[in-house]
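Student: I would like a close look at a single part of this model, with the cut-offs stated.

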Amino acid sequence: MESYSEQVPTTSDLASTLDHDQAVGRLRSSYQRIPAGAPVRLAKRSSNLFRPRTTLETPGLDVSGLTGVISVDPAGRTADVQGMCTYEDLVAATLPHGLVPMVVPQLRTITLGGAVTGLGIESSSYRAGLPHESVLEMDILTGAGEIVTARPDGEHADLFRTFPNSYGSLGYATRLRIELDRISPYVALRHVRLGLDELGPAIESIVADGTYAGQPVDFVDGVAFSPDEAYLTLGRNSDTAVQVSDYTGQQIFYRSIQQRSTDALTAHDYLWRWDTDWFWCSAAFGAQNPYIRRIWPRRLRRSDVYHKIIGLENRHQVAARINRRRGNPDRERVVQDVEIPASRLAGFLRWFDAEVGMRPVWLCPLRLRGSSSWPLYPLEPAETYVNVGFWGTVAIAPGAADGDVNRRIEAAVAEFDGHKSLYSDAYYDRETFDRLYNVPALTLVKERYDPDARLTGLYEKAVTRR
C-alpha cells in the first residue's frame, strides 16, 4: 500500500507553542494600536469572501503569525490549529497520519477560523455536519481585546455557540482544537445519474444508512448540469486503487462526471478535486481551453489565483467595459450557496432553472451532527438539507434594479424553507435579516464580549459591505 508521506506534499514544521504565544502577543499589541472608536478588522491579504468591502485608513490586526498547525495528536485524533491556517496547510500536516478534518471545504486557502466563523461544507457533511461541529474548544480575541477560551460548556459557552456564522462580529479565533477523521489513501468514486425527483430520496437513503446500492458511502456530493441531467458522486474510502486519475493537468474533474461512471483518486487529490478549476469557474478565464491550459502553469491553476483575477476585475472593470462597448447588457454577479431541505430540492431546482437558468450547480447534502441548532444559522437538527451552489453572472434585464436576481433568489430560498450563506452579496432589509439570522441572540452575546462595539455588526458586514 502506498504511504501517505509518498503522495502528500509537505509543508514546514509545525508551529511551536512558543511561536504561537508570541504571535498572539503581536496580535494583541496590534489591537491596542488601533485608535479608540476606530473599527477593528484583520490585516489579511487574501479572502474567500465574494463581496466588496469599504476600505479603512486605520491599521488592521496583525495575524501574520497565526497561520500554522500547532500540534497533531494521531492517537486522540485531534489537532490544535491557529485560526488563520489554511486547509491546504492543515491537511498537509494531518494526512501523513491518515487523518483529515471532519469537513474539508473545497478550496485550499479557506482558513479554519474562517470556516468556523463563516461556515463551510463538503462531501462529508452528510455525516459530519459543518466545520464548527467538530471544534472542541477555541481561543478567541474578543471585541474587548481579551483572549478567552470558549468551550461547549462553562463560562464562555454562549460565545462558543454563537461564534459560527458571526463573520468576525464577535471576534477572531486564534487557536482551535478540532476532531480529526480517518481517511484511506484512496477514494473510489461512483457517478450516479438521477432525475431531479430522485435526488432527494436517494440522499435521504444515504443519510439513513450510509450506503447506496449495497456499497458504503463515505462522501457524497453532486452536480446538476441541466434540468434533465444530474449526478450524485459517491465516494468510498479505499486502501488500494488499480489506477488513479489526475485532474490537475489537462483533464478537468467536473467534466469526468458525465464521461465515466467510476473513478479513483488519491485522498489528497480527492480533497482538492474542485480547487484546480474552482469547480467549473476557471472557464471564465480561459483556463479550460486546451491550448491555454497547456501554457498555464499548474501551480497557478488554483482557486486563490482565480479569486485575485476577480478582485482585479472588481477594481478596474475591464471586462465590464468591453462588454458594454460590444453592446451587450450589463451582468449581475450571482455567487451564492443556499441550504434547501432535501424534500424540496427538486422544486427549488426547477424554480432556479426557470427563473435564473445558471448551470451547472453544485449539490452537497448536509445534516447537523448534533441534536441542537446553532443560534445564527438555525438549521433543524433532524432535517437533511442540500447545499445548492451556483457561481457566475447573469444578464441584467433593462430597467432592473441592482441585485434584482439575487433578491429573487433570497425570496425563493425563504419560500422553500431554506437558508443562505453570507459569504457573498446579500440584499435583505434589516428586519428580515435579523429574523433569519437570529440577530437578537447575537446582540446579547455581543454586548458581553464587545461592549464598546469595536467589531462591525453582522448586518453591516453582510449587507452594507462594511
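Student: Leaving aside its neighbours within four places in sequence, which residues is W274 in contact with?

Tutor: This is a predicted model, in which local features need pLDDT of at least 70, side-chain atom pairs count only at pLDDT 80 or more, and totals for chains, interfaces and linings use all residues. Residues are numbered from 1 along each chain as its sequence is written, and side-chain values use heavy atoms, with hydrogens and water left out.

With neighbours up to four places away set aside, W274 is in contact (heavy atoms within 4.5 Å) with Q106, E122, D221, V223, F253, Y254, I257, F279, W280 and W362. W274 also belongs to the largest nonpolar core, which has 87 residues; W274, W280, I178 and F433 touch the most other members. Such a core is a set of buried Ala, Val, Leu, Ile, Met, Phe, Trp, Tyr and Cys residues joined through side-chain atoms within 4.5 Å, where buried means under 20% relative accessible area with a 1.4 Å probe, protein chains only. Apart from this core lies another, of 38 residues, including V207, V217, V356 and F390.

For the setting, buried residues make up 57% of the 466 residues in the protein chain. Among the chain's contacts with a separation of 6 or more, 73% are between residues 24 or more positions apart. The secondary structure comes to 17 helices and 16 strands, taken as DSSP runs (helices H or I, at least four residues; strands E, at least two) and numbered from the N terminus. The C-alpha atoms fill a box of roughly 60 × 60 × 50 Å along the principal axes.

Key: Buried < 20%, exposed > 50% of the residue type's maximum accessible area, 1.4 Å probe, protein only.
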